[in-house]
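Trainee: Hi! Could you walk me through this one while I have it open?
Mentor: Happy to, let's bring it up.

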Amino acid sequence: METSAVITALMEYLRELNPDMDVSISTQSATDYIPLNNRPAVLIHYSGADFAATESTDAVVQRRTLHFTATVIAPQADALNALDRTRQTLGGIALPGCDRLLWMKSETFIGNNAGFACYALEMASSALFIANQESKDLPLLTIVNYEEIQ
């Protein structure tokens, strides 16, 4: 699972269902961002991941919880509506390579700047991380039998 594919899917899905919003992947500080043309904007950030303890003794298999932030920046009069639309669009969507639907964690008012209100919507999903490793002490597969199952 590629993290960039997951975050790109978030952006594309939000753009498709909200064509009146400017949506982009960004590492820019949201409090400094001023949307163009007074349109609501959403900045998607990959916030990092948490890894659980390994689940296997012969391979590294871990649960990976991915964290994302959608920062909604909109004119003050429309900010809560833009936040609601963003949450409703993204909540519960399936992301590539993830085994759980996207869930909402929190939303926080960040502040105002030049007549725009900023809200951070924290979200998460999960996937399995399986280390790419070779084991030298496991038996080699030498015979493959193909059976047709109906």
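Mentor: One term before we start: a residue counts as buried when its relative accessible area is under 20%. Also keep in mind that this is a predicted model.

Trainee: Got it. So is Leu-121 buried or exposed?
Mentor: Leu-121 is buried, because its relative accessibility is 0%, and the cut-off is under 20%.

Trainee: Where is Leu-121 found?
Mentor: Leu-121 sits in strand S5.

Trainee: And what is Leu-121 in contact with, leaving aside neighbours within four places in sequence?
Mentor: Phe-68, Thr-69, Ala-70, Leu-83, Thr-86, Arg-87, Met-104, Ser-106 and Glu-107.

Trainee: How far apart are Leu-121 and Phe-109 in space?
Mentor: Their C-alpha atoms are 9.0 Å apart, and in sequence the two residues are twelve apart.

Trainee: Changing topic: which residues of H1 and H2 meet?
Mentor: From H1 you have Leu-10, Tyr-13, Leu-14 and Leu-17, and from H2 they meet Thr-86, Thr-89 and Leu-90. By class, that contact has five nonpolar, two polar and no charged residues.

Trainee: How would you describe two packed helices in general?
Mentor: By the angle between their axes and the distance between the axes. Here the axes of H1 and H2 come within 10 Å and cross at roughly 120 degrees.

Trainee: What do you call that arrangement of H1 and H2?
Mentor: Oblique. Angles of 65 to 115 degrees would count as roughly perpendicular and those over 145 as roughly antiparallel, so with a crossing at roughly 120 degrees, H1 and H2 are oblique to each other. The crossing of H1 past H2 is right-handed.

Trainee: Nice. How many residues does the largest nonpolar core have?
Mentor: That core has 27 residues, and Leu-10, Val-42, Ile-44, Phe-68, Leu-90, Leu-95 and Leu-102 have the most contacts inside it. The elements giving two or more residues to this core are helices H1 and H2 and strands S2, S3 and S5.

Trainee: Which residues does Leu-10 contact, leaving aside neighbours within four places in sequence?
Mentor: Ile-44, Phe-68, Leu-90, Ile-93, Leu-95 and Leu-102.

How values were computed:
Residues numbered from 1 in each chain as written. Predicted model: local features only at pLDDT ≥ 70, side-chain atom pairs only at ≥ 80, totals over all residues. Heavy atoms only, no water. Core = buried A, V, L, I, M, F, W, Y, C linked by side-chain atoms within 4.5 Å. Buried < 20%, exposed > 50% of the residue type's maximum accessible area, 1.4 Å probe, protein only. Helix = DSSP H or I, 4+ residues; strand = E, 2+ residues; numbered from the N terminus. Contact = heavy atoms within 4.5 Å. Axes fitted to C-alpha atoms, helices over the stretch in contact; angles between N-to-C directions. Parallel < 35°, antiparallel > 145°, perpendicular 65-115°, else oblique. Left-handed = near helix turned anticlockwise from the far one by under 90°. Nonpolar A, V, L, I, M, F, W, Y, C, P; charged D, E, K, R; others polar.
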